[in-house]
Amino acid sequence: MSGGGMAMTASRGAWGRGVAVLGVLMVLALAALLPFALQDVFQQRIAALVLLAAISASAWNLIGGYAGQVSIGHAVFFGVGAYSSLLGYTLFEWPPIAGAPIGILISLVFATLIGLPTFRLRGHYFSMATIAAAELVRILVVNWPLVGGAVGLMGPAVPRSALDLSFTSPRPYYWIFLGVLAVLLLLTYQMSRSRMGFYLRAIKGQERAARGLGVPVQRYKYYALLLSAGFTSLAGSLYAMMVGFVDPDSGFGILISVRMVIIAALGGAGTLFGPLAGAIILVPLEEWTNAAFGGGGTGITYVVYGFVIMLISRFAPGGLAEIWRRLRAAGRRHA
Amino acid sequence: MPITRRGTLALPALALAAGPAAAQGAPVKIGVLLPLTGNAASAGNSARAAIELATELVNTPHPELAAMPLMATAGLPNLGGRKLEAVFADNQGNPSVGQNQALRLITQERVVGLTNGYQSSVALTASAVAERYGIPYVNGESVATNLTERGFKWFFRTTPIGPDIARVYLDFIEEQQKQGRPVGKIAIVHENTEYGTSIADTIAKEAEARGRQIGLGIAYSANSADVSPQVLQMKDAQPDVAIFISYTSDAILYMRTMRAQGYKPPILIGDDSGFSDDSFIQTVGDISQGVINRSAFDASRPGSNSNKINALYKAKTGREMDDTTARMMQGFLVMADAINRAGSTEPAKIQAALRATDLKPDQLMIGYRGVRFNEKGQNVLASALLVQLRGKEYVSVWPEDQASAPLELPFKGWS
Amino acid sequence: MILAQLVLNGLLVGAVYALFSSGLTLIWGMMNVVNFAHGDFVMLAMYVAFFAATLLGWGPAAFVPLAAMALFLLGVLVYLMLVRHVMRGPMLAQILSTFGLALVLRYAALWAFSANFVSLPEDLTGEVVTRGGLRLEPSRVLAGIAALLVTLGLHLLLTRTALGSRLLAVAEDRTAAMLVGIRPDPMQALAWGIGAACTGIAGGLIALFFYVAPSVGESLVLIAFVVVCLGGFGSVPGALVAGLAIGVIEALSAFWVGAAFKDVVVYALFLGALWFRPQGLLGKA
């Protein structure tokens with residue numbers, strides 16, 4: 001009887017997994033069809049930008065959310081990715097995508113240079129070190145004519161072939177970004193369910209205790225940073241291909257780092273879909289505030305962002321995910 | 001199949017753009033991209049006021065400005081008197097946002113043309129969108145050379161750019177040498193964003209081409225709150241000519257610091273932006289007497305278009321119009337004129353009209369030698385003269401045939 | 001001669017750096033919370049000074065204490081409403097809280113005052129004096145000396161007064177302090193107030209010779225971090241030595257390496273210090 005029962009449970013488990021996978025595939029298919037539902041080209045572009053922001057924020061989430069190491073200098077990886085793509089084009093006439101793997105490699109080197117020495121420091125120090133590192137790179141780039149200096153780098157003005165990935169319509173970008181995001185989220189999911197995820201949770205919660213229990217703290221923080229840096233760099237390369245231009249501010253500026261952190265924290269740092277949720281809310285909101293206030297010249301966007309961050313930190317550090325959980329728990333209690 | 005795809009995408013865009021033409025009497029919309037928030041917000045807002053003025057002048061009869069196109073009549077005469085409408089969008093000084101807004105203006109607002117942009121990085125990305133959609137773009141103020149080096153067919157620029165400016169300065173310096181002044185050591189002090197860097201680079205290149213060296217190159221961060229080490233560097237090096245390329249705040253900062261450190265270069269050239277801003281004149285004008293600036297906008301001659309437009313601008317905003325704002329307004333007016341000459345809101349016709357532009361100096365509100373675009377879309381008649389600060393006003397001093405006052409050297413400063 | 005002038009200017013500015021960094025080191029040493037908004041506190045103090053000078057016609061003797069008081073209140077307020085609640089929470093919340101505050105202060109200032117630099121009326125403190133070939137700007141000399149005195153005063157407060165020992169007790173061991181009857185909450189609020197008041201004094205003094213703009217906070221906070229890092233967390237004397245050193249290093253690098261790279265030197269120093277000696281020059285490991 002128990003053997004049969006166990007067999008039934010096992011097959012129900014397999015069923016459950018199958019249903020979950022099917023569910024995910026359906027959501028993906030629906031997401032892929034979204035651009036057709038949006039007639040307006042501008043709305044399609046916003047949708048693509050939402051996905052791009054979600055990629056950056058989800059990449060940040062690996063080190064900032066899951067490992068609890070709050071980097072406010074992730075722009076350094078983003079900028080490296082963007083610059084590598086356009087440098088490949090400017091110096092060697094490569095299609096920008098060819099520069100992306102190089103950008104990832106360089107970002108991994110930077111991650112090593114920044115991470116290894118600073119991970120043994122406490123949280124605040126790491127954050128400040130990341131800010132300083134990103135600013136340092138930005139200033140160096142501003143003063144280095146070979147990589148465009150203050151003027152920046154342009155992509156192909158007129159696409160030479162489909163390989164240049166320079167499309168007029170936002171739709172192809174949307175699908176590329178959707179693909180990359182799906183891969184990233186899948187990797188994040190697998191990671192969180194693996195031993196690495198387990199260790200990172202321990203490190204995030206109580207680092208000293210984790211170390212005491214024999215968790216190889218430095219090594220796993222480093223792995224998380226490598227993964228995070230690589231994907232952030234890829235996001236930068238994708239940005240460069242879509243916008244066709246990068247300069248020190250739009251590649252390495254501190255606001256780029258800040259935006260990643262806000263989006264992830266708003267949706268829920270350390271959760272799988274938190275960054276995506278944050279992006280879905282924040283990116284259209286930016287557009288709306290620009291249209292509503294921008295023409296009038298008030299520029300309170302970042303004041304609002306700052307308030308949002310403060311409120312999140314004070315009341316719901318887990319972001320919307322936390323609020324959602326609390327609501328559900330409250331709902332269950334009343335049921 | 002990219003070419004075919006572009007072709008097929010351009011067609012619906014044309015069809016969309018032809019929409020407004022069908023609606024008789026509806027205003028003709030021009031999209032205006034400006035930095036209305038962020039670091040360049042004051043320049044953006046000055047330009048907005050100027051372009052609002054321009055729209056008003058086009059839409060209502062102003063016989064006193066009859067020399068300029070579209071002023072004497074109401075609206076656009078070749079389009080049945082339809083009114084002009086400027087649709088403003090804030091680019092926040094960010095190239096990606098600028099691109100978004102350009103896309104929005106083209107696809108949602110259905111503008112027939114785009115203008116301005118201000119920061120070269122923004123103009124670059126925004127005009128890339130316009131080029132794809134086949135919408136004409138007229139830029140009046142961005143100086144980066146690469147904007148007209150992309151082989152674009154829909155991008156036009158009316159302002160003098162780096163090489164033009166460099167030529168003016170070097171010609172001036174060479175003439176001073178002929179007059180017996182020492183000009184061996186040239187210092188360039190520039191803020192290190194795209195504006196300062198591109199102009200500094202082109203000046204250095206032009207100097208080199210003429211066999212001169214830049215003795216001292218100081219690049220500073222536009223965010224500095226203290227520049228005394230830089231002034232001390234100059235005091236140490238004692239250049240004969242100091243060329244500053246700065247925004248308003250840094251320009252004011254430098255003048256004050258030079259005074260505190262007791263340093264005066266014999267010839268001080270302050271390039272446009274910061275030095276022509278009214279707040280510079282009001283705040284440190286009295287300690288910067290004799291600073292040389294380049295400007296295409298000389299409002300001092302009574303009866304000239306510049307003088308009249310400046311008076312109207314002052315009535316509207318309470319401030320004097322500066323060179324940058326004037327250049328932005330002129331760019332907008334050139335677009336309006338082209339639309340009128342095209343007699344249609346069809347982008348291809350406006351593009352043809354822009355290519356055929358041949359405005360004479362007395363048809364402009366700024367001191368260019370005219371407006372005529374070469375095959376790259378650059379105005380070959382864009383020019384500037386050198387002006388010098390006397391009291392609270394800049395007067396034209398060079399070239400001599402266009403001067404309204406004699407050049408006074410060395411730099412007086414605060415004495 | 002130019003060199004001597006540079007070093008002199010650097011020392012005088014460095015003294016002011018030391019002053020506001022002392023505030024940061026106090027807060028940091030006491031409760032392990034980093035105030036990312038520290039530079040923006042200084043920026044606000046500069047604007048207080050600016051408005052007091054231009055709208056009310058006050059001189060430094062009046063607006064510096066005003067800025068100190070205003071910032072004291074702000075510091076206490078920030079502690080009570082924000083920091084107190086996030087202090088023992090997750091790291092992300094702690095960092096986001098003051099970082100969010102920094103954004104709010106900086107961009108509200110940008111919106112309210114515009115990006116243009118403004119400055120106090122000229123010669124509030126008199127004409128430049130020349131002694132032995134060196135140009136002494138009275139504003140810088142005044143600021144430098146005042147900063148030194150206040151820093152020493154803070155050090156004495158902490159080490160020689162009863163209040164100071166209570167503050168240090170809470171910093172050292174919160175629970176033990178509670179056991180001997182010291183209430184940590186008011187002490188920590190006071191620490192924030194004093195730390196912020198230091199930025200108030202420093203800001204009021206700097207405004208005499210620096211130019212005031214919303215963007216200054218960004219660079220000043222990094223300087224404060226470098227100073228605190230080099231000088232050792234929690235050490236006011238360390239902040240003094242490090243502040244003076246940074247002031248001189250900054251001035252010399254701006255002259256030799258170029259203005260564009262002076263920030264690079266400061267950041268590189270910071271990263272180097274973090275890597276090789278995170279406890280600072282005079283701090284405990």
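User: At what angle do α7(B) and helix α1 of chain C pack, and how far apart are their axes?

Analyst: This is a predicted model. In it, α7(B) and helix α1 of chain C, which covers residues 2–31, pack at an angle of about 175 degrees, and their axes are 11 Å apart. The two helices are therefore roughly antiparallel.

User: Which residues make that contact?

Analyst: From α7(B) come S228(B), P229(B), L232(B), K235(B) and D236(B), and from α1(C) come I2(C), Q5(C), L6(C) and N9(C). Sorted by class, this contact has 4 nonpolar, 3 polar and 2 charged residues.

User: How many residues of chain B are in contact with chain C overall?

Analyst: On the chain B side there are 27 residues, in contact with 24 residues of chain C. The elements of chain B that each supply at least two residues to its side are α2 (41–59), β7 (214–220), α7 (228–237) and α8 (248–261). Of these, α7(B) provides the largest share, 7 residues.

User: And what classes of residue are on that side of chain B?

Analyst: The side of chain B that touches chain C has 10 nonpolar, 14 polar and 3 charged residues.

User: Now chain C and chain A. How many residues does each give to the contact?

Analyst: Chain C gives 34 residues and chain A gives 36 residues. On the chain C side, α3 (60–86), α4 (91–113), α9 (216–231) and α11 (259–276) each supply at least two residues. The most come from α4(C), with 15 residues. By class, the chain C side has 29 nonpolar, 4 polar and 1 charged residues.

User: What is chain C built from?

Analyst: Chain C has 11 helices and 2 strands. Along the sequence, their order is α-α-α-α-β-β-α-α-α-α-α-α-α. Its radius of gyration is 18 Å, close to the 19 Å that the globule rule gives for 285 residues, so chain C is as compact as a globular protein of that length.

User: What does its C-alpha trace span, and how much of the chain is buried?

Analyst: The C-alpha trace of chain C spans about 60 × 45 × 35 Å along its principal axes. Buried residues make up 61% of the 285 residues. Among the contacts in chain C with a separation of 6 or more, 79% are between residues 24 or more positions apart.

User: Back to chain B. How do α12 and α13 pack?

Analyst: Helix α12 (residues 323–342) and helix α13 (residues 347–355) of chain B pack at about 115 degrees, with axes 8 Å apart. They are therefore roughly perpendicular to each other. The crossing of α12(B) past α13(B) is right-handed.

User: Which residues meet there?

Analyst: A338(B), I339(B), R341(B) and A342(B) of α12(B) meet K349(B), I350(B), A352(B), A353(B) and L354(B) of α13(B). That contact has 7 nonpolar, no polar and 2 charged residues.

User: And α3 with α4 in chain B: at what angle do they cross?

Analyst: Helix α3 (residues 95–107) and helix α4 (residues 120–133) of chain B cross at roughly 30 degrees, and their axes come within 8 Å. This crossing is also right-handed. The contact of α3(B) with α4(B) has 10 nonpolar, 5 polar and no charged residues.

User: Where is P275(A), and is it buried or exposed?

Analyst: P275(A) lies in helix α12 (residues 274–293) of chain A. It is buried, with 35 other C-beta atoms within 10 Å. Its C-alpha atom is separated by 5.4 Å from that of S58(A), 217 residues away along the chain. Beyond its neighbours within four places in sequence, the contacts of P275(A) include A54(A), A57(A), N61(A) and G267(A).

User: Which peptide bonds in chain B are cis?

Analyst: One is the bond from W398(B) to P399(B), with omega near -5 degrees. Another joins L409(B) and P410(B), with omega about 0 degrees. P399(B) is in the segment after β12 (393–398) of chain B, and P410(B) lies in the segment after β12 of chain B.

User: What is the phi of L70(B), and what of Q238(B)?

Analyst: Phi of L70(B) is near 75 degrees, a positive value in a residue other than glycine. L70(B) is in the loop between α2 and β2 (84–90) of chain B and is buried, with 23 other C-beta atoms within 10 Å. Phi of Q238(B) is near 50 degrees, again positive in a residue other than glycine. Q238(B) is in the loop between α7 and β8 (241–245) of chain B and is partly exposed, with 13 other C-beta atoms within 10 Å.

Note on methods
Residues numbered from 1 in each chain as written. Chains lettered and ligands numbered in written order. Predicted model: local features only at pLDDT ≥ 70, side-chain atom pairs only at ≥ 80, totals over all residues. Contact = placed C-beta atoms within 7 Å. Helix = DSSP H or I, 4+ residues; strand = E, 2+ residues; numbered from the N terminus. Nonpolar A, V, L, I, M, F, W, Y, C, P; charged D, E, K, R; others polar. Axes fitted to C-alpha atoms, helices over the stretch in contact; angles between N-to-C directions. Parallel < 35°, antiparallel > 145°, perpendicular 65-115°, else oblique. Left-handed = near helix turned anticlockwise from the far one by under 90°. Buried ≥ 20, exposed ≤ 12 C-beta atoms within 10 Å, placed from the backbone. Rg over C-alpha atoms; globule rule 2.2 N^0.38 Å.
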